[in-house]
Amino acid sequence: MGKAPRRKAGAAMSGGALVDFGARYRDLVGHLPVGVYRTTLDGAILEANQAIADMLGFSEPKALQKVRVQDLYVRADDRRTHLTALEHEPIRPAEYQLARRDGTTLWVRDYSRAVTDEAGVVRFYDGILVDITAEKRADEALRQSERDYRQLFENAHDAILIFAVDDERILEANQRACELYGFDRSELVGMSLECLTKDVPLGKTRIRETVERGIHRAFETVHRRKDGAEMVIEVNAAMLQHRGMTAVLSINRDITERRAMERTIREMAFHDPLTGLPNRKLLSDRLELALAQARRGQRAMAVLFLDLDGFKSVNDGWGHAQGDALLRDVAGRLAGALRTGDTVARIGGDEFTVLIPELPHDEGAAEVSRKILRELERTFRVGSSECRVTASIGIARYPQDGEDAETLLKNADAAMYRAKLAGGNRFAWHGR
């Protein structure tokens with residue numbers, strides 16, 4: 001047998017083939033997606049792979065031999081801090097920014113180690129660099145988003161509460177919520193939502209609906225302030241995860257004034273501004289409803305048309321202000337003379353209409369008319385003086401005197417004129 005072939009340094013025999021481990025190592029390092037380097041203590045780059053060259057904007061690793069590591073750091077303090085840490089902990093990861101050849105920067109995570117000789121003296125620094133720029137940007141975007149959220153949360157025009165689903169405990173409250181409810185933040189956070197809710201069962205129903213739907217828009221409820229004052233609250237709610245807990249984000253808007261204004265507008269639209277009685281529009285709506293019910297139930301009803309006798313002389317003698325005061329007093333007495341379910345409306349000047357939606361017999365309309373006349377017989381006070389007021393009343397019945405609202409009102413008006421021509425202070429039937 002001949003002599004065995006001599007092995008080259010850095011090579012091994014495998015399956016009859018000679019393997020150059022040094023070449024294999026260099027090829028592996030050259031194709032790694034992360035940077036691999038070795039530097040001297042004074043910052044000279046001894047070895048670097050293509051990934052590092054790409055990171056820093058160089059065409060090939062050889063070009064990095066002219067670069068000093070300390071010149072790459074955006075913050076010089078980062079290198080000093082890192083090297084000091086390596087003196088106490090030979091293998092230590094660090095994060096910092098490096099400058100690229102074109103002046104832009106990147107964030108890296110450096111898994112480095114101090115290479116020492118047999119005496120323990122540091123000779124080189126080896127490391128692996130990972131480009132974490134995208135990660136840092138994502139983190140910053142998240143932090144910015146959190147800052148933006150906090151700013152929106154704190155500066156929102158509406159009160160915002162975040163509360164846990166399981167026990168309805170308030171977890172977060174913005175400044176507007178503190179102002180709206182009259183509590184300090186330290187008082188609101190940790191409080192049960194039940195302490196703010198007037199109708200607790202309804203509140204629990206709304207929370208359950210929000211959990212089931214994931215979102216609940218523009219429902220109304222009544223909440224209490226710290227001082228006990230009640231508020232009408234419009235709520236928009238949505239589910240979210242808050243610090244690992246299933247919670248509800250509740251955006252609460254105080255609409256107490258809006259609802260009061262809407263009530264005022266409705267009053268103005270359907271009620272006489274002087275007396276507060278229903279006006280012609282509301283009377284028309286109620287009359288149409290009463291007619292529809294009377295038709296279905298095949299029952300009778302009646303309309304009374306009333307006009308004050310000699311009211312013009314009151315206006316002329318005492319003035320319109322005193323005349324208005326008298327009309328308010330008349331309206332009060334008319335309303336007091338009616339039965340539950342009847343309606344008295346002022347339709348203009350000193351004219352009033354009474355709707356009797358259920359009339360078992362004709363005498364019922366006569367009874368109401370007599371009661372009205374008796375109420376008006378009592379003396380009225382006008383300023384410092386007293387006066388007497390009477391009325392003429394006309395009665396029209398459904399169905400015999402008319403089967404629609406217009407006909408009934410017209411016939412009641414005609415009957416009223418007959419009563420007035422007969423001397424007033426009396427009632428008259430249509431068709432009699």
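A charge sits over a ring if NZ of Lys or CZ of Arg is within 6 Å of the ring centre and within 35 degrees of the ring normal. Keep in mind that this is a predicted model: local features need pLDDT of at least 70, side-chain atom pairs count only at pLDDT 80 or more, and totals for chains, interfaces and linings use all residues. Residues are numbered from 1 along each chain as its sequence is written, and side-chain values use heavy atoms, with hydrogens and water left out.

**Exercise 1.** Find how far Lys136 is from the ring centre of Trp107.

*Solution.* Look over the face of Trp107: Lys136 is there, 4.6 Å from the ring centre.

**Exercise 2.** Work out how many aromatic pairs the whole structure holds, and describe them.

*Solution.* Start with the rule: rings of Phe, Tyr and Trp (its six-membered ring) pair if their centres lie within 6.5 Å; planes under 30 degrees apart are stacked, over 60 edge-to-face, and the rest tilted. The search turns up 2 pairs.

Step 1: Tyr73 and Tyr96 make a tilted pair, 4.6 Å centre to centre with 35° between the planes. Tyr73 is in the loop between α2 (50-56) and α3 (76-88) and Tyr96 is in strand β5 (residues 91-99), so the pair ties together parts 23 residues apart in sequence. (Helices are DSSP runs of H or I, at least four residues; strands are runs of E, at least two; both are numbered from the N terminus.)

Step 2: Phe427 and Trp429 pair edge-to-face, 6.3 Å centre to centre with 80° between the planes.

**Exercise 3.** Decide whether Tyr73 is buried or exposed.

*Solution.* Buried means under 20% relative accessible area, exposed over 50%, partly exposed in between (1.4 Å probe, protein chains only). Tyr73 has 9%, so Tyr73 is buried.
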